[in-house]
Amino acid sequence: MVHECCHSSFSDNRQDNVLIGRVCASMLMKTFRKYRDDHLSHHANNGDYENDAEFAVIQKFGLHDALTWRTIIRHMATPLMGRHLRAYTGISLSGDDGRFFVFFKLVLLALIVAFTVFAPLTSFAFVIIPLFYIYPTLNFWTDCLDHAGLVGADDELESSRNVLAPAVVRLIFFPRNDSYHLVHHLFPQIPARHLDVAHAELCKDPSYRSQSSAVRARIGKFSRLQSIFRWKRQEDFEKPHP
């Protein structure tokens, strides 16, 4: 919801997007204005580490590396070792969203501390670990699904991907149509609830339809895996990152 609010696509009313975005970001201990500025810089400069504020802080994780089994395993293992936590978690008490939301976050923190004192195991299991480990881990893996192996591509059709997993998988893990990330980058103003319809329309275009990062590739034994990850040819592995 924070992501959609920063694109003003969650609500028809622009100010509602700002208010809802601030409330939701505060519940995650983040600042909506900071998130929106960084994310919009990502859309404007996708994969350009000097100007993409969102990806600059995760450059060290090598999302620009071509996908091989080694890099896939590395991306899977990174959160298990906690290497992503500094980049993906934290508490922002910035006043950019207004004093009320600073106070709101302080109240939430006080409640978390009190809850932890009186019920430490429950607090760790249902608040602290989900908020400060599971949620950042899901964000990291989502970035990998959306962009790993594609960061730095010159053509915007090749710089992100749709994750066209089976419908049941999409329903569980991408309930708001977030699996159509390439469509989102091409047309970020389209509300998430309509991304599947936009994808169907785009499939009529040969340039879009020819991209394995856009549609399911029908190439050999590993076609489904190739369609999810846009598997690269061996000669592509040696391409330097721009």
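**A first look around**

User: Which way does α2 pass α7, in a left-handed or a right-handed crossing?
Analyst: α2 passes α7 in a right-handed crossing, with the near helix turned clockwise from the far one by less than a right angle. This is a predicted model, where local features need pLDDT of at least 70, side-chain atom pairs count only at pLDDT 80 or more, and totals for chains, interfaces and linings use all residues. Residues are numbered from 1 along each chain as its sequence is written, and side-chain values use heavy atoms, leaving out hydrogens and water.

User: At what angle do helix α2 and helix α7 pack?
Analyst: About 30°, with the axes of α2 (residues 14-27) and α7 (residues 99-118) 9 Å apart. So α2 is roughly parallel to α7, a label for angles under 35 degrees.

User: How many helices and strands are in the chain?
Analyst: The chain has 13 helices and zero strands. Helices here are DSSP runs of H or I with at least four residues, and strands are runs of E with at least two.

User: And what percentage of the residues count as buried?
Analyst: Of the chain's 242 residues, 41% are buried. Buried means under 20% relative accessible area, exposed means over 50%, and partly exposed lies in between (1.4 Å probe, protein chains only).

User: New topic: how many salt bridges does the structure hold?
Analyst: Five. Each needs a side-chain nitrogen of Lys or Arg within 4 Å of a carboxyl oxygen of Asp or Glu. One of them joins R176 and E4, at 2.4 Å from N to O. That pair links distant parts of the chain, 172 residues apart: R176 is in the loop between α9 and α10 (181-186), and E4 is in helix α1 (residues 2-6).

User: Is E4 buried or exposed?
Analyst: E4 counts as buried because its relative accessibility is 5%. R176, at 34%, is partly exposed.

User: What does K34 pair with?
Analyst: K34 meets D38 in a salt bridge, 3.2 Å from N to O. The two are four residues apart in helix α3 (residues 32-44), so about one helical turn separates them.

User: Where is R161?
Analyst: R161 sits in the loop between α8 (120-147) and α9 (167-173). R161 is buried yet has no salt bridge, and D146, the nearest side chain of opposite charge, is 6.9 Å away. A polar atom of the R161 side chain does lie 3.4 Å from the backbone oxygen of C144.

Technical notes:
Lys, Arg positive; Asp, Glu negative; His and termini not counted. Polar contact = N/O pair within 3.5 Å; in protein donor to acceptor, adjacent residues only side chain to side chain. Axes fitted to C-alpha atoms, helices over the stretch in contact; angles between N-to-C directions. Parallel < 35°, antiparallel > 145°, perpendicular 65-115°, else oblique.
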